[in-house]
Amino acid sequence: MFSQEIIDAIVAAANQHGWPASSLLAVVECETSGKPFEEDNHTPTLLFERHKFYSELQAHQPSKLKAAIAAGLAIPKWSPKTQYKDQGKSAGRLSLIAKARQIDEEVANRAASWGLGQTMGFNAEGLKYESATAMVAELSRGIAEQVDALCREILHSKLDRFLITKDFTSFAKGYNGSGYAQNHYDTRMQAADTAWERRLASGDYEAKPGKSVTLVYQQKLKDLNYNVGKIDGDWGDLTTGACAAFQRREGLKVTGHPNAETTDALDKAIAPRPASPERANATADDLAASGSKTIQAAQKGSTLTKVIVGAGAIGGANTAGVLDKAKDVVSHVQVAKGILDSAHDVVVGLLPYWWVGAIVVGFVLWRCYGDVIEARLKDHQTGQNLNR
């Protein structure tokens with residue numbers, strides 16, 4: 001999902017050059033899905049090309065090629081089996097580029113594509129950057145710099161005419177290379193352009209806020225007793241729901257996303273949101289009846305514990321002190337380890353007394369299920385949990 005900052009920057013650039021904004025947005029969507037940085041929030045989103053590291057080293061630093069090959073970082077030809085095997089996650093990409101940079105930083109930067117438009121490093125000089133390393137440093141500064149690099153490449157490659165006419169086959173061939181069809185770049189861009197054209201015309205699209213804005217909203221909403229989940233800077237479903245609930249309570253237009261009006265209301269809000277009487281007075285049975293899967297499962301589990309305890313009681317009915325022994329063992333169980341760990345520990349310790357084990361396990365499970373019900377009910381009553 002694109003942040004509002006990215007959408008604004010791309011639309012502004014498209015308008016400046018006289019290109020359809022939907023087409024430029026489509027290019028970025030197919031290249032990076034609108035993600036500008038790796039997980040360190042500094043390095044531009046990258047994809048390291050082993051075959052380019054091979055050819056760039058061969059051209060600029062041939063004495064280092066052997067070491068790169070030995071390290072598994074350079075291959076003579078593009079290979080889908082080995083090309084991206086360790087780049088599925090951001091940590092893998094960051095680790096890979098770090099290893100390549102240890103061999104030669106400039107050539108490593110030349111052998112990767114960077115930023116929102118996945119601009120190849122070896123194009124740096126043609127795009128009027130001093131070097132690939134200088135280009136990467138520039139793209140690390142922010143969104144505007146990455147969109148600028150994308151536009152420079154489009155103009156340098158004379159592909160803008162294809163954006164204007166929406167000839168995505170010709171554009172993809174020039175921008176992504178001869179293998180564009182294999183990855184369906186042309187058809188994906190066409191579909192994305194159609195979708196963005198409709199969204200921009202109707203305003204029917206959700207712009208994901210940037211991390212800094214999200215962190216502020218999440219903390220303020222949490223302080224006001226709205227459930228945003230983990231404060232992580234990622235505008236997910238919980239944050240959207242919390243924002244919408246706040247807007248509804250304050251009589252604002254409900255969008256579920258930040259805007260000046262909502263930000264101003266958040267800044268002025270002081271008192272935490274009180275739970276409604278219906279929520280505050282709810283019971284576990286009320287939640288179960290309304291469809292709470294958590295409560296329903298815990299209640300079923302609690303019922304099962306009664307069966308277990310009953311079976312144990314019957315099995316040990318003729319054994320003196322069974323219940324006393326069971327209570328004594330229960331008091332020593334470390335239930336903090338979790339339901340399964342606790343049950344396992346108890347059963348192992350009481351194998352010679354299966355009926356005692358059954359009773360103890362029943363008691364432990366009953367208490368754990370009770371804790372689940374109590375915690376879920378408390379979350380509901382205080383308004384901290386909107387899930388079922």
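Which residue lies over the face of Tyr129, and at what distance from the ring centre?

**View 1. Arginine over the ring of Tyr129 in the predicted model.**

**View 2. Arginine over the ring of Trp196.** Here Arg199 is placed over the face of Trp196, with a distance of 5.2 Å to the ring centre.

**View 3. Edge-to-face pair of Phe48 and Phe53.** The model contains five aromatic pairs. In the pair formed by Phe48 and Phe53, the ring centres are 5.2 Å apart and the planes meet at 65 degrees, so the arrangement is edge-to-face; the cut-off for this class is over 60 degrees. Phe48 and Phe53 are both buried.

**View 4. Stacked pair of Phe171 and Tyr175 within helix H10.** The ring centres of Phe171 and Tyr175 are separated by 5.3 Å, and their planes are at 15 degrees, so this pair is stacked. Both residues belong to helix H10, which spans residues 168–176. Phe171 and Tyr175 are four residues apart, about one turn of the helix. Each of the two, Phe171 and Tyr175, is buried.

**View 5. Overview of the protein chain, as context for the close-up views.** The secondary structure of the chain consists of 20 helices and three strands. Of its 388 residues, 42% are buried. Among contacts with a separation of 6 or more, 61% join residues 24 or more positions apart. The chain exposes about 20100 Å², of which carbon and sulfur atoms contribute 54%.

Methods:
Residues are numbered from 1 along each chain as its sequence is written. This is a predicted model: local features need pLDDT of at least 70, side-chain atom pairs count only at pLDDT 80 or more; totals for chains, interfaces and linings use all residues. Side-chain values use heavy atoms; hydrogens and water are left out. Rings of Phe, Tyr and Trp (its six-membered ring) pair if their centres lie within 6.5 Å; planes under 30 degrees apart count as stacked, over 60 as edge-to-face and the rest as tilted. Buried means under 20% relative accessible area, exposed over 50%, partly exposed in between (1.4 Å probe, protein chains only). Helices (H or I, at least four residues) and strands (E, at least two) are DSSP runs, numbered from the N terminus. A charge sits over a ring if NZ of Lys or CZ of Arg is within 6 Å of the ring centre and within 35 degrees of the ring normal. Contact means heavy atoms within 4.5 Å. Accessible areas come from the Shrake-Rupley method with a 1.4 Å probe; for residues, only the protein chains shown count as cover.
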